[in-house]
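Please open the structure in your viewer and follow the stops below in order.

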Amino acid sequence: MAEAPPFQRSASLPLDSPPGLGPAGSPPQEDHAAGRRLPTRLSVWLPATAVVASVGAVLGWYGVSLSDLGLFSLYVVFCCALPGVLWIRALYRRAHTLPEEIALGVTLGYALEALAHMPARAIGAPLLVVAWPIGTYVLFLAVPRLRGRWRSESRTGGTPLWWSWSVAVIVICLILWTAIDFFGTQALTRPAITTSSVDTHAHLAAAGWITEMEPLVLLSRLAALVVLLGAVGRRITGSRGGALAALAGTVFVAAPGLYAGTGAGPVRPWMSPSQAFGALLFAPIVLLLLDLLGDRRRSRGHWVLLAVMLLAVVGAKAIYLPLLAAGLAAVVMVETARRFWLPRRALAALGMTVGFLVFARLVPFGGARQGADPLSIRHGAWGDRVGVSEAAELPWAFPPGVTLLGGLITWCGMLGLLHRPRLFLRSSVVLVLGMSAAVLGFGHSGLSQGDFLQTGRPYLAMVTVAGLAAIVRRAGVTVGAVVCAVVTGVAAVLAIRLLCDVRVPLAPGQDDIVLYVPYVALLGVALLAVAVLRVARQSRLRTMALVLCLVTAAGTPAAWFARVLPGTSGSPEAGVRLSNGTAPSSAQSLAMTMLKPDVAGGCPPTTWSDLRA
């Protein structure tokens with residue numbers, strides 16, 4: 001098959017291109033006039049100041065001293081952020097905004113620190129990890145071509161204030177959420193820290209050696225992760241508004257709450273240090289791929305950065321690699337079928353990913369088997385839905401069936417792309433869908449399939465928002481009509497919970513088929529809505545848009561409303577003790593009740609045995 005240039009008009013073109021959008025591989029060129037009404041330097045830095053103040057206040061509340069906080073701040077700035085930013089300016093050339101440049105720099109700094117820590121620790125001198133930032137400073141001061149990288153070329157004033165404040169609010173919510181839900185129930189000092197639910201990796205180890213602080217207080221990655229996901233969201237959805245909606249969906253997404261007696265809760269992957277660190281390192285990989293798979297020529301620095309981040313992910317959360325390989329393989333197959341040529345950049349990225357995957361299998365994991373195990377999500381905590389402890393007792397179709405139905409409700413907005421099928425074939429969409437589909441094909445020896453499920457969640461939210469926005473805009477649906485559809489979806493879920501009254505775990509002897517009854521009822525509501533809209537002479541496109549809004553609202557929005565229904569059981573604070581051994585106060589109990597997911601949300605508050613009937 002003949003070889004041809006890389007993708008044309010494919011990778012990161014906005015899904016529905018309004019006027020003013022930039023070329024592929026770059027975020028849309030929006031009109032920022034409204035966002036520049038307060039152009040003063042003080043107003044630009046206020047959102048970041050609010051985030052820093054929130055981190056300081058939270059850590060101070062939980063006993064972190066000012067000296068420790070100051071030491072850690074110096075460590076982040078001078079050992080991670082600043083040297084990382086210098087390398088970003090040299091390799092990535094010009095970030096689109098200053099926050100994006102800083103977030104990329106912090107992430108690259110973490111990655112290089114982790115990679116430097118491993119050989120330093122191997123030779124018994126862990127403090128040698130500081131050689132990499134010192135060497136960076138020397139290099140960028142001594143080499144004339146690199147001296148100019150001390151000066152930023154990003155568009156400092158190109159970020160609207162509403163966007164900066166929105167991102168800041170999301171980060172602050174994550175910080176407070178983490179504080180209430182994690183710091184309030186986990187020990188933060190030794191020796192009790194050894195019994196906490198904590199993963200360890202090279203970055204935490206290096207930070208601990210340099211700052212001599214307990215690793216659990218390292219929260220700075222949350223801000224960088226949100227900023228990077230916002231940058232990816234802009235490239236996929238084509239606008240800041242779409243990216244903001246995707247960020248909100250990522251942070252606050254909850255499992256559909258169709259079962260009575262329980263309140264479906266949000267998924268919180270950032271509570272796992274290794275999962276949060278892996279997500280942080282993976283976000284720049286997706287960002288780089290969207291740039292590389294566009295039709296613009298990219299520098300070799302992009303490929304160097306991709307290689308570094310892939311190697312860092314090997315040590316942070318290697319589960320991202322097989323899923324990324326599946327997504328890139330899907331891109332290669334789709335683009336080859338569409339254009340009858342081999343997409344060279346996608347093939348190169350796939351080759352790099354597979355190479356690092358083999359390296360991860362042979363070196364860090366010593367050949368341990370973490371291979372394919374189709375529908376392995378059947379195992380583990382799913383047994384508590386039906387009150388059994390052995391996976392062999394589960395009906396074969398139950399867990400994957402309910403899981404897929406819940407995912408279809410939550411992410412059904414992406415079906416809005418079907419009104420223009422070529423949108424579904426964009427490489428950004430194919431990459432996300434390929435990664436997500438591969439989730440069901442892999443297993444884990446420690447039954448940590450939940451980590452696989454969380455890997456593609458932020459990017460599914462972006463494609464979902466893009467699909468909803470595309471079909472709503474194309475159908476000319478008004479804001480009022482969208483609100484009516486959302487209210488109908490939420491009301492339908494609350495009615496289904498009340499009328500069907502299906503409770504989990506199931507009572508002994510109860511037929512498993514009742515678990516599907518609420519989903520069948522919701523399908524009936526969707527079909528009834530289709531019939532009503534068609535009788536009202538609504539077009540097919542408008543009908544599809546409104547029904548997708550209704551069903552999407554039956555997921556996360558309805559789940560949050562369901563949490564406050566009377567009679568919700570499975571109180572998350574039951575059996576929870578604070579780090580000092582005392583029971584939570586009434587205010588803390590209320591906060592944990594509202595924030596912690598229970599059995600219907602797929603995440604246990606204490607142990608699954610405590611929640612059995």
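**Stop 1**

Please bear in mind throughout that the model is predicted. Begin by selecting W45, A48, V52, I102 and A223, the lining residues that lie nearest the centre of the second largest pocket. The pocket holds about 1400 Å³ of space, and 47 residues line it. To see where the lining comes from, colour helix 1 (41-61), helix 2 (66-91), helix 3 (98-122), helix 6 (161-183) and helix 8 (221-237); each of them supplies at least two residues of the lining. Sorted by class, the lining of this pocket comprises 31 nonpolar, 11 polar and five charged residues.

**Stop 2: helix 9 and helix 19**

Next, select residues 240-252, which form helix 9, together with residues 457-475, which form helix 19. The two axes come within 8 Å and cross at roughly 135°; helix 9 and helix 19 are therefore oblique to each other. Their crossing is right-handed. Display side chains for the contact: G242, A245, A246, G249 and T250 come from helix 9, while R457, P458, A461, M462 and V465 come from helix 19. This contact of helix 9 with helix 19 contains six nonpolar, three polar and one charged residues.

**Stop 3: helix 11 and helix 13**

Now move to helix 11 (residues 300-316) and helix 13 (residues 344-362), whose axes come within 10 Å and cross at roughly 30°. Because angles under 35 degrees count as roughly parallel, helix 11 is roughly parallel to helix 13. Helix 11 passes helix 13 in a right-handed crossing. On the helix 11 side, select W303, L306, A307, L310, L311 and V314; these meet R345, A348, A349, M352, T353, F356, F359 and A360 in helix 13. The residues of this contact of helix 11 with helix 13 fall into 12 nonpolar, one polar and one charged.

**Stop 4: helix 11 and helix 12**

Select L310, V313 and V314 in helix 11, which meet Y320, L321 and L324 in helix 12. By class, this contact of helix 11 with helix 12 has six nonpolar, no polar and no charged residues. To finish, centre the view on L310 and V314 of helix 11, which take part in the contact with helix 13 and in the contact with helix 12.

Notes: Residues are numbered from 1 along each chain as its sequence is written. This is a predicted model: local features need pLDDT of at least 70, side-chain atom pairs count only at pLDDT 80 or more; totals for chains, interfaces and linings use all residues. Side-chain values use heavy atoms; hydrogens and water are left out. Axes are lines fitted to C-alpha atoms, for helices over the stretch in contact, and angles run from 0 to 180 degrees between N-to-C directions. Helices (H or I, at least four residues) and strands (E, at least two) are DSSP runs, numbered from the N terminus. Angles under 35 degrees count as roughly parallel, over 145 as roughly antiparallel, 65 to 115 as roughly perpendicular and the rest as oblique. A crossing is left-handed if the near helix is turned anticlockwise from the far one by less than a right angle, and right-handed if clockwise. Contact means heavy atoms within 4.5 Å. Ala, Val, Leu, Ile, Met, Phe, Trp, Tyr, Cys and Pro count as nonpolar, Asp, Glu, Lys and Arg as charged, and the others, Gly among them, as polar. On a 1 Å grid over the protein atoms alone, a cavity is a set of points where a 1.4 Å probe fits but cannot get out, and a pocket is an open set with protein on both sides within 12 Å along at least five of seven lines; lining residues have an atom within 4 Å of a point. Grid points are joined across faces, edges and corners, and a volume is the space filled by probe spheres set on the points.
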